[in-house]
Structure formats: structure tokens, C-alpha cells
Amino acid sequence: TYILLNLHTVYNAHCNLIFIFRACFYNGLTKLLEATSLVAEMQEELLALGPQIEQKSKEIEELVEKLHRDSLVVEQVRTLVKQDEEIMAEETKVVEEYAQKATEELNAVLPALEKALAALDALDKAHIAELRVYTHPPPLVLTVMNAVCILLQKKPSWATAKLLLADTGFLKKLVTLDKDNLPEKVFLQLKRYLRSPDFSPSKVGLVSIACCSMCHWILALDHYHEVQKLVKPKQIRVTEAQEVLRLAHQKLDEKQRSLALIEEHEQNLEASYQESIAQKEMLATRKQLATQRLHRVSILSTALADEMERWKESVNNLDKRLQGIMGDALVSAACIIYSGVLSAGYRQQLINECLRLCNENIIPVSPNYSLITAMTEKIEVSKWQNKGLPLDQYSIENAILVKIGQRWPLLIDPQKQAYKWICQMEGDRLRQIHASDSNYLRTLENAMRIGDSILLQDLAETLDSNLKPILRKEIYSNGGKNFIRIGDAEIEYNHNFR
């Protein structure tokens with residue numbers, strides 16, 4: 001059972017040690033191989049980036065040239081459109097002023113006409129009835145009524161006038177007369193009455209109130225017609241000018257739309273130019289970064305080329321050791337258990353016998369097995385030797401037995417070599433006691449509680465019975481804690497204790 005326990009401990013320690021070193025070397029190799037593969041990738045990237053940057057530079061030059069040409073065209077079109085807009089604004093202003101003047105001339109006569117119409121509206125049936133009673137009307141009344149008959153496009157006579165006056169809607173006909181569409185011959189016939197010096201509201205008013213209002217209306221209507229004859233050609237010219245302006249506005253709108261499309265094209269070119277500049281800068285940055293990385297990786301690969309070969313060799317050696325890990329652990333456990341009291345020659349015989357048994361039972365063992373190579377590394381041995389351990393193989397094996405063995409070692413050390421080495425290794429946590437000390441057992445118990453190291457010196461051939469539980473490691477658990485019973489006392493045990 002004790003051999004199996006030591007085998008388990010040795011196997012775990014041995015495996016952990018080898019796996020740790022192998023992982024370190026393997027990680028280093030992995031990083032170097034990754035760096036080597038990155039070199040090829042970055043070289044390919046650099047080869048690809050060069051033509052891309054060159055192509056992007058050509059595209060930028062072409063865009064700059066095209067942008068310059070298109071800018072000139074856009075500026076020319078913008079200038080022409082601006083000139084057309086200014087001319088159109090000036091012509092529109094002239095036409096609007098001309099139309100406004102014609103409208104003002106026509107509107108100037110409308111108040112008099114509206115005033116006359118209001119006077120007609122003011123007449124009532126009594127005023128009309130006064131006229132109808134005449135069998136032989138006064139000359140001025142007859143003149144006014146004949147003028148009214150002509151405007152209503154009736155035969156000018158008193159008989160016709162009486163018929164008109166008898167109509168209940170007579171005044172409404174006068175008020176709603178379509179003044180804008182009366183034939184020119186009506187106003188030519190009307191002139192013969194208007195030329196009369198007595199055809200005035202003031203004189204007619206002396207004879208008849210109703211005829212006075214109709215006289216006002218006739219004169220206002222004739223004046224409106226005369227003004228309309230002057231204004232109508234102007235309105236026609238205004239309409240024609242407005243049509244010309246409308247067509248010109250359509251052409252101007254087309255030019256403005258064309259200008260907007262050209263400006264949009266120019267903006268798209270500008271955006272493409274800016275995008276190409278950004279892409280070129282990005283490619284240049286990638287190229288610079290790849291170049292820097294390639295330089296650093298090349299330096300790293302060159303500097304660690306020899307190390308890579310050494311790491312490969314170390315990984316291979318560690319893999320071989322892993323293949324023989326079971327046999328190495330078995331032989332090492334046997335050495336740790338049995339070879340403590342043996343001389344160098346007998347230790348080698350023990351190793352040879354164990355190796356023979358492993359070969360007979362087909363248990364793999366590392367070639368050229370050695371307890372030192374199996375259980376330690378050169379770095380650890382160097383640390384021990386720096387702390388005072390002698391350089392010989394036998395002393396190194398003894399140090400392995402002290403460090404890894406599950407039993408507390410009994411050291412026969414007449415030259416104080418082990419003493420010096422232990423003091424250097426343990427440092428301030430080491431407590432030195434003598435078996436002849438009266439209170440050494442109390443110091444030993446305190447060290448077990450807090451996990452210090454004890455160097456018990458000057459042991460006699462017969463040991464104190466209180467030491468046996470400690471030497472046998474009679475550790476038990478109680479309430480989740482570990483204890484050792486010494487006599488009647490129950491001492492809590494700290495596993496850092498040595």
C-alpha cells in the first residue's frame with residue numbers, strides 16, 4: 001500500500017512537471033509557427049496591396065481630371081441659367097407693369113359706371129311710370145330713351161321705348177347689360193345722340209329724374225367702351241407676352257432641372273473622389289501596418305530560429321519521457337521508498353532490478369533512466385546547489401528523497417552539508433530544536449498548527465513515544481479539519497508543516 005501511495009504521488013508530480021514544461025515549449029513553438037505563417041500571409045497581402053494602391057491612384061487621377069472638366073461645364077451652365085433667370089425676371093417685370101397699367105386704365109372708368117348703375121338701382125316704379133304717361137315726350141326724354149333703345153339693340157322710337165318701360169324687368173335689363181360684348185355698331189349709332197350738347201345729366205335732370213339716371217348710365221357706358229377699345233389691344237398684347245413668358249419659363253425650368261442634374265452628378269463625383277481618397281489611405285495604412293508587422297515578425301523569427309529547433313527537440317524529448325512515464329514513476333517510487341539508506345552502488349542495483357522487472361512485464365521506461373532526470377529539472381538542481389547542496393549525484397538523489405518522500409527523513413550529517421542546505425532552503429520559516437530541549441515538543445506542536453518547518457537535531461537511538469504519531473503521520477479528520485493526537489492532546493495539523 002505504501003508503495004502504491006508513493007507511486008501515485010511520484011506519478012502525479014512527474015506528469016505535472018513534464019506537462020508544464022511541454023506546454024511551455026509547445027506554446028512557444030506554436031507562436032513561432034504562427035509567426036512564420038503570418039510572414040507568408042503578410043507577404044501575400046503586401047503583394048496584393050501594391051497593385052490595389054496603384055489602381056486606386058489611377059482612379060483618383062481620372063476622377064480629378066473628370067471632376068475638373070465637369071466643374072467647368074457646370075459653371076458654364078450655371079452662368080447661362082443665371083443670365084436667363086435675370087432676363088426672365090426683367091421681362092416678367094415689364095409685362096407685369098404693362099398689364100398693371102392696362103388694368104388701372106380700365107379700372108379708372110369702372111367707378112363712374114358703377115355709380116351710374118347704382119343710380120339706376122335707385123329708381124323705382126314711380127319714376128318709370130312718369131315716363132310712360134307721355135304721349136308726346138319732351139325732346140330730351142325722347143333722346144335719352146332712343147339711346148336706351150339702341151343700347152338694348154332695339155329700334156329707336158317712342159313706341160319701342162314705351163314697350164320697354166312697360167316691362168317690369170326694364171331696370172334689371174339695364175343693370176345686367178353685357179357691356180363687354182356690345183357690337184361696335186351700337187356705339188356708332190349712339191354717337192348721333194351723344195353729340196347733342198343737351199345730352200347731359202344736368203339738363204336731362206331738369207326734365208326727368210329717371211332719364212337723368214339713364215343719361216349718366218349711357219355716358220358712363222360709352223366712356224367705358226372707349227377706354228376698353230384702347231385697353232383691349234394692350235390686354236391682348238399682355239396675354240401674348242404672358243404666353244411667351246410661360247414658354248420661356250418652361251424652357252428655364254428645363255435648364256434649371258438640367259443644371260440640378262449636372263450639379264448632382266458633380267456631387268456624386270466629389271463623393272466618389274472622397275471615397276477613393278479614403279480607400280487609398282486605408283490601403284496605405286494596411287500596407288504600412290503589414291510592413292511593420294512583417295519586419296517585427298522577421299526579426300523575431302530570425303532571433304528565435306535556433307530556439308525553435310531547441311524547443312522542437314525539447315518537446316520531442318518530453319514526448320518520449322511521457323511514453324515511459326509509467327515505468328519511470330514506478331522505478332522512481334521504488335527508489336524513493338527503498339534507496340534512502342543504500343549506498344550509490346546498491347541504489348544502482350535497485351534501479352537495474354526495477355528496470356528488468358519493467359521490461360519483463362512490458363512496462364515502458366524512458367531510455368537511460370535516471371532518478372535525477374526523472375524527478376527534477378536542471379534548473380531546480382541548480383537552485384539546490386546554489387543553496388549549498390553538494391554537486392555529486394548521491395547528494396542530489398538525497399535531496400530528491402527529502403523533497404518528494406512521504407516519510408520525514410532521518411539525516412546522518414556529520415559534515416553539516418544537509419544542515420546548511422536545509423537552512424538555506426527553508427529560510428526564516430525553519431525552527432531548529434534539539435531532542436534534549438525540555439519544551440521541544442511544544443515548539444513542534446506550534447509548528448504543526450501554523451505550518452512552519454522543524455529541524456529536530458541530536459536524536460537518540462530511542463525515540464520519544466510522543467514523536468511516533470508525527471513520524472507515522474497519523475492524521476485524522478474531525479469537523480472538516482485535520483488533527484494529530486499527541487498523548488492526550490489533539491493538535492490541529494497544517495499540511496504546510498515539514
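Biologist: How many bridges join strand β1 to β2, and do they run parallel or antiparallel?
Modeller: In this predicted model, strand β1 (residues 430-434) is joined to β2 by 5 bridges, and the two strands run parallel. One of the paired positions is Leu430, whose bridge partner in β2 is Ser453.

Biologist: And is β2 buried or exposed?
Modeller: Strand β2 (residues 453-457) has 4 of its 5 residues buried, so it is largely enclosed by the rest of the structure.

Biologist: What do the buried residues of α16 pack against?
Modeller: They pack against β1 and β2, and also against α17 (468-471), β4 and β5. The buried residues of that helix are Tyr440, Leu441, Thr443, Leu444, Glu445, Ala447 and Met448.

Biologist: Why might residues a few places apart in a helix point the same way?
Modeller: An α-helix has 3.6 residues a turn, so residues three or four places apart point the same way.

Biologist: Which strands make up the open sheet, and in what order?
Modeller: The open sheet is formed by 3 strands in the order β3-β4-β5, with antiparallel pairing. The edge strands, each pairing on one side only, are β3 (476-478) and β5 (489-492). Ignoring direction, neighbouring strands of this sheet are turned by 50° against each other on average.

Biologist: Then how many bridges hold β4 and β5 together?
Modeller: That pair is antiparallel and extends over 4 bridges, and within it Arg485 stands opposite Glu490 in β5.

Biologist: Which residues take a positive phi in the hairpins?
Modeller: In the hairpin of β3 and β4, which has 2 residues between the strands, Gly479 takes a positive phi near 65°. In the hairpin of β4 and β5, there are likewise 2 residues between the strands, and Gly487 takes a positive phi near 65°.

Biologist: Switching to helices, at what angle do α13 and α14 cross?
Modeller: The axes of α13 (residues 378-386) and α14 (residues 393-404) cross at roughly 100° and come within 11 Å, and the two helices are therefore roughly perpendicular to each other.

Biologist: Which residues meet there?
Modeller: From α13, Val381, Trp384 and Gln385 meet Ile396, Ala399, Ile400 and Lys403 of α14. By class, that contact has 5 nonpolar, 1 polar and 1 charged residues.

Biologist: How many disulfides does the structure hold?
Modeller: There are 0 disulfides in the structure. Cys358 is in no disulfide, and the nearest cysteine sulfur, which belongs to Cys354, is 6.8 Å away.

Biologist: Are Cys358 and Cys149 buried or exposed?
Modeller: Cys358 counts as buried at 1% relative accessibility, and Cys149 counts as buried at 0%.

Biologist: Last one: how many helices and strands are in the chain, and what share of residues is buried?
Modeller: The chain has 17 helices and 5 strands, and buried residues make up 35% of its 498 residues. Of the contacts in the chain with a separation of 6 or more, 72% are accounted for by residues 24 or more positions apart.

Terms used: Residues numbered from 1 in each chain as written. Predicted model: local features only at pLDDT ≥ 70, side-chain atom pairs only at ≥ 80, totals over all residues. Heavy atoms only, no water. Axes fitted to C-alpha atoms, helices over the stretch in contact; angles between N-to-C directions. Parallel < 35°, antiparallel > 145°, perpendicular 65-115°, else oblique. Contact = heavy atoms within 4.5 Å. Nonpolar A, V, L, I, M, F, W, Y, C, P; charged D, E, K, R; others polar. Disulfide = S-S within 2.5 Å. Buried < 20%, exposed > 50% of the residue type's maximum accessible area, 1.4 Å probe, protein only. Pairing = 2+ DSSP bridges.
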